[in-house]
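Please look at the sequence and the structure shown here before reading the questions and answers.

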Amino acid sequence: MTSSTTSSATPAALAELEQGLEHLKVANYYLRVALDQVADGVVIVESEASDPKCGPKVLFSNAAAAMLAGADPETGLRGLGLNDLVAGDKDATTLLQSLRLAVDNGGCHECACQLQSLRTQTPVSCTWRVRAVFNSMRKLLNFTILISPAQTTTPAKAETRPADDLDAQSLQLRKENLAALAQGIAHDVNNLLGPATVRLSALIQHVQEHPALAQELQLVFAGLKRAKQFTSQVVTASKATPRKHEATDIAALMRDTVEFAGAGSNVHVCVRSDDNLHHGIADPVKLSQVLQNLVMNGIQAMPHGGYMDVEAHNHVVPAPGDGVLKPGSHVRIIVRDRGCGIAPENLDRLFRESFTTKPDGNGIGLTTCKRFIDEMGGDIRVSSMPNVGTEFSVYLPASGATGTTKPLIPADSAPVPLKHGKGKVLIVDDEDDLRKVAHMILTRCGYEVVQCDNGQDAVKIYQSLFRTGTPPDVVLMDLTLRGGMNGTETAAEILLLDPEARIVCTSGSVTQEVQMIFLERGFVGVLPKPYEAGELTQVVHRVATMMKRN
């Protein structure tokens, strides 16, 4: 009886273990992709040196760390000792002392050392921020080190950071971890948007004979494009370097944003602006997000319907200023609802973290709005009366320009047109819906398509076609493939087999800042997700025709 029970339980236990390992693999790939987007170098090293001559060895390094050290991004720095990475004995001593002080000071320390380039042998002055990682029993597990090139305009600093500055360092590390997390979130959201974006962009081009339907689909498509911009903004907003602000046509941006935010509701939103309205100095993506949040909050405050106002006026702040607003020309945006209003005792708490009166809310919407507007050099204010309504006022510095310019997302923006062609395309993507939709679109446009969902099969398919003399003209390679090789490793295997392989990187986590890294790894193009059907066919046509084999 006992033997039978044990035997029958073993397969279930093995299946559970395999499932757990698969989940770990997936999490590992997402983490690797996220860390490769971090601008600074990240290395994880041993808690104790297994080889005293080399110092603690590197267990993991991201792409930025490999590039800083002049190493191959594929192999990275794994296996190298910290003594191999610094310029000399003095720097090695300083860095090892920083590791010890991180343990003694509760987990954090910082020092300045020179990073030795493995390629040029030229040392680079860097700041090394060390964090000691402990388990729940306070056992030291490893060290995580963030390596940042020193600013050339900053005078030389002391080699160690005072103990009273550890809180600031800890906050900075949390921000950097948030940036990595943001990359992973953006990747997942872009993958979810992908199938809908491809299908809808193709469908719109087939229903032009039905103007009313085409207009409705166009509005949804504009919302998807805005969502794509917002996912990109999540990553940008989490970084230390803010996006450059620009003269923005406030009137056009308001029209586009309100049309999308108010679609389908029983609230009529009236949009008005001065005829000679100045442009505001703003980040148009963030400002659109703020306006969308305020409009949707107003709609939620009017469950039985009614009227809202969204207005924009020129506004002059007199000397010596008005609170945080400096004297001079501004643009004032007003969002006014006629809803339930806000209790007086809650007005002062409205922009604070975690405050909300909604039973299912998390309170971060208005807090984020205020942070965005503060970054633009403006201010956001609120007045409200219970059972009468609420009025939000957003103030932005004005530029000298007036008139109409190209809005953030034009209301009549059409999808990229489809491009027909010929050739063989291999799609490698583990998102089933997106892979199948891409297959359908490319087949309709005249291409022969082969697809698979993992790196191992991709290599086998390419190898089989290559041996018959009919290799794919284009390979569309997703970077985060579950279970086995990731996209970069798969591409490397294919290029080893056929150095002339034409591989296009497709991913929901590739930003403009890191696209060059993938081009240097042998990819011939980058197609960020979510892409339109037209963008897909245009890229495939360009690669298949301009880079054909002789």
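Q: In what order do the five strands form the open sheet?
A: This is a predicted model, in which local features need pLDDT of at least 70, side-chain atom pairs count only at pLDDT 80 or more, and totals for chains, interfaces and linings use all residues. Residues are numbered from 1 along each chain as its sequence is written, and side-chain values use heavy atoms, with hydrogens and water left out. Strands (DSSP E runs of at least two residues, numbered from the N terminus, as are helices, H or I runs of at least four) pair if DSSP finds at least two bridges between them. Here the pairing is parallel, and the order is β14-β13-β15-β16-β17.

Q: Which strands does α11 touch as it packs on the sheet?
A: Contact means heavy atoms within 4.5 Å. The direction of α11 makes about 170 degrees with that of β14 (axes are lines fitted to C-alpha atoms, for helices over the stretch in contact, and angles run from 0 to 180 degrees between N-to-C directions). The strands touched are β13, β14 and β15.

Q: Is Arg435 buried or exposed?
A: Arg435 has its place in helix α11, residues 432–444. Buried means under 20% relative accessible area, exposed over 50% and partly exposed in between, with a 1.4 Å probe and protein chains only. Because its relative accessible area is 8%, Arg435 is buried.

Q: Which residues touch Leu294, not counting residues up to four places away in sequence?
A: Leu294 is one of the residues that touch the most other members of the largest nonpolar core, which has 36 residues. Such a core is a set of buried Ala, Val, Leu, Ile, Met, Phe, Trp, Tyr and Cys residues joined through side-chain atoms within 4.5 Å. The residues touching Leu294 are Val335, Leu366, Ile380, Phe392 and Val394.
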